[in-house]
Amino acid sequence: MDIKQYMNQLGRQARQASRVVAAADSGVKNRALLAMAASVDLHRDAILAANAKDLAAGEANGLDAALMDRLALDAKGIDGIIEALGQVAALADPVGAISDMNYRPSGIQVGKMRVPLGVIGIIYESRPNVTLEAASLCLKSGNAAILRGGSEAIHSNQALAVCIREGLKAAGLPETAVQVLETTDRAAVGELITMPEFVDVVVPRGGKGLIERIARDATVTVIKHLDGICHVYIDDAADADKAFAIALNAKTHRYGTCNTMETLLIAESRAEELLPRIADAMIEKGVELRGCPRTRQILVGVTDATDDDWATEYLAPILSIRVVAGLEQAMDHIAQYSSGHTESIVTESYTSGRRFLREVDSSSVMINASTRFADGFEYGLGAEIGISTDKIHARGPVGLEGLTSQKYIVLGDGHIRV
């Protein structure tokens, strides 16, 4: 296969399809999404069989536990994909929405209209459910999409691609509106991110190395989704039971996700009281603990935490713990080591909570809630392309609105400038 020729063909097809999708009304797009959901339901056995092939290959190739967890699909996962497609279909269509209309002194009206970005290239690893999430969000927001999943999920993604094509065809939309790459050749990524004539935006989801490479080499706009070094800070004024429940859930609900807590910060005034209870529960669930010197005074046998630990997204049952003097030092630690993803404070102090919300510079900042809530589904977006750690255009979970832009519109009645 000539990769350059193949990618140029996909790009041309996507560009042509993008005009059709941009002009499609909400009813047509929703019919496509619901038809995709019906196709996924119909092809359950084929999808699970394809996923089993990927899992077997992953195990044979020594894929780590976090990636295997992301790769796995089961009946519940299929149900989740179907539910997410239905939820995106039920969401309000952002395309064509007009806002901020105002009369100017000249008599013209000036406002903004929400419009699709065009063609979106999405590069992701492991999780096959992202294939349908990405397809649904791009389609509902009026965009064409080129999807490049990880080589470890090639069979799963191709099985899901069949459902996408069937859904598009059923609604009378071009099957090239969403194209899933059929090759695992890494050269395809290099082509995808350097085709500004065909691709308007690239969204990379995956490991830090992948995202850094794309941000460095791309000649099209990139919406970055960096790693999730997420923190929970237990404040002096924390409720003990809330602190315990939130810390345990933020770490152990799932290990291989970007919104999982990787570092627990706790105020010195509460450390001796709360750390033993939290540590016992973590250890019971198989979590390895690594701590600062003060943590190791309180918790015997805990491994020494290094600077590398504070800056690591484990995606595994490992937790670093640091005892801090209070809110100020907690925020200093977050400013130094956070990836800008999600941080949470556990506190009953209105003042501390408000300061944390205002001064912590991450895409999601929470009071008295698990970091695991940093998710497009939980935020009411239906699904998400990912969680952007950028500060321009889209930040946090990227749903429909994040996949659109705005253009100025002007309404006149024969007005001329004098």
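1. Strand E10 (residues 288–291) runs parallel to strand E12 (residues 318–324) and is joined to E12 by four bridges, where strands are DSSP runs of at least two residues, labelled E, and helices are runs of H or I of at least four, both numbered from the N terminus. Within this pairing, taken as at least two DSSP bridges between two strands, Gly291 has Ile321 of E12 as its bridge partner.

2. The model is predicted, so that local features need pLDDT of at least 70 and side-chain atom pairs count only at pLDDT 80 or more, while totals for chains, interfaces and linings use all residues. Residues are numbered from 1 along each chain as its sequence is written, and side-chain values use heavy atoms, with hydrogens and water left out.

3. Strand E9 (residues 261–267) also pairs with E12, in the parallel sense and over five bridges, and here Ile266 stands opposite Val323. Because six of the seven residues of E12 are buried, this strand is largely enclosed by the rest of the structure; buried means under 20% relative accessible area (1.4 Å probe, protein chains only), exposed over 50%, and partly exposed in between.

4. In strand E3 (residues 119–124), six of six residues are buried. Val119, Gly121 and Ile123 point one way from E3, whereas Ile120, Ile122 and Tyr124 point the other way. In a regular strand the side chains alternate between the two faces of the sheet.

5. E3 pairs in the parallel sense with strand E6 (residues 201–205) over five bridges, with Gly121 opposite Val202. Five bridges also join E3 to strand E4 (residues 144–148), again in parallel, and Ala145 of E4 is the bridge partner of Ile120.
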